[in-house]
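Please look at the sequence and the structure first, and then read the points below.

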Amino acid sequence: MVVLHIGHLRLGCLAHEVLGREDVIIKPLGPLCEGVPGIAGATVTGDGRLALVMDLAGLADAHGQLLPALQGVG
C-alpha cells in the first residue's frame with residue numbers, strides 16, 4: 001500500500017509495485033480529455049515515455065473515501 005498525503009487527508013492506494021519516484025511537470029490533456037475523473041494530465045518520463053498522471057484527490061471525497069461511482073471498479 002502506498003500512503004498518500006493530500007492536504008489534511010491520508011489515503012491508501014494498493015499497488016502491485018513501486019518503480020521509484022520522479023519529479024515531473026504535469027501538462028493538461030486538452031479539451032478532448034478535460035473532465036475525465038481520476039486523470040490530472042500527462043507527463044514525459046525520464047526515459048521518454050508518456051505517462052498519465054492520476055488525480056487521486058479527485059477520486060476521493062472530503063473524508064478520504066472512494067467516490068461511490070468508482071467503488072467496485074477494477
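In sorting residues by class, Ala, Val, Leu, Ile, Met, Phe, Trp, Tyr, Cys and Pro count as nonpolar, Asp, Glu, Lys and Arg as charged, and the others, Gly among them, as polar. The model is predicted: local features need pLDDT of at least 70, side-chain atom pairs count only at pLDDT 80 or more, and totals for chains, interfaces and linings use all residues. Residues are numbered from 1 along each chain as its sequence is written, and side-chain values use heavy atoms, with hydrogens and water left out.

**Overall architecture**

- The protein chain has zero helices and four strands; helices (H or I, at least four residues) and strands (E, at least two) are DSSP runs, numbered from the N terminus.
- Along the sequence, the pattern of the protein chain reads β-β-β-β.
- Of its 74 residues, 14% count as buried, where buried means under 20% relative accessible area, exposed over 50%, and partly exposed in between (1.4 Å probe, protein chains only).
- Contact means heavy atoms within 4.5 Å; among contacts between residues at least 6 apart in sequence, 19% join residues at least 24 apart.

**The largest pocket**

- On a 1 Å grid over the protein atoms alone, a pocket is an open set of points where a 1.4 Å probe fits, with protein on both sides within 12 Å along at least five of seven lines; lining residues have an atom within 4 Å of a point.
- The largest pocket has a volume of about 1000 Å³; grid points are joined across faces, edges and corners, and a volume is the space filled by probe spheres set on the points.
- Its lining consists of 21 residues, and Val18, Gly20, Arg21, Glu22 and Leu52 lie nearest the centre.
- By class, this lining holds 11 nonpolar, four polar and six charged residues.
- Strand 1 (2-6) and strand 4 (50-54) each supply at least two residues of the lining, and strand 4 gives the largest share, four residues.

- Thr43 belongs to strand 3 (residues 39-44) and counts as buried because its relative accessible area is 7%.
- A polar atom of the Thr43 side chain lies 2.9 Å from the backbone oxygen of Ile25.
- Leaving aside neighbours within four places in sequence, Thr43 is in contact with Val24, Ile25, Arg49, Leu50, Ala51 and Val53.
- Lys27 lies in the loop between strand 2 and strand 3 and is exposed, with a relative accessibility of 52%.
- Although Lys27 and Thr43 are 16 residues apart in sequence, their C-alpha atoms are 6.1 Å apart in space.

- Thr45 sits in the loop between strand 3 and strand 4, and its relative accessibility of 18% makes it buried.
- The side chains of Thr45 and Asp47 are joined by a polar contact of 2.5 Å, that is, a pair of N or O atoms within 3.5 Å; within protein, one must be able to donate a hydrogen and the other to accept it, and residues adjacent in sequence count only if both atoms are side-chain atoms.
- The structure holds one salt bridge, a term for a side-chain nitrogen of Lys or Arg within 4 Å of a carboxyl oxygen of Asp or Glu.
- That salt bridge links the side chains of Asp47 and Arg49 (3.0 Å, N to O), and both residues are exposed.
- Side chains of opposite charge can pair when their charged atoms come close.
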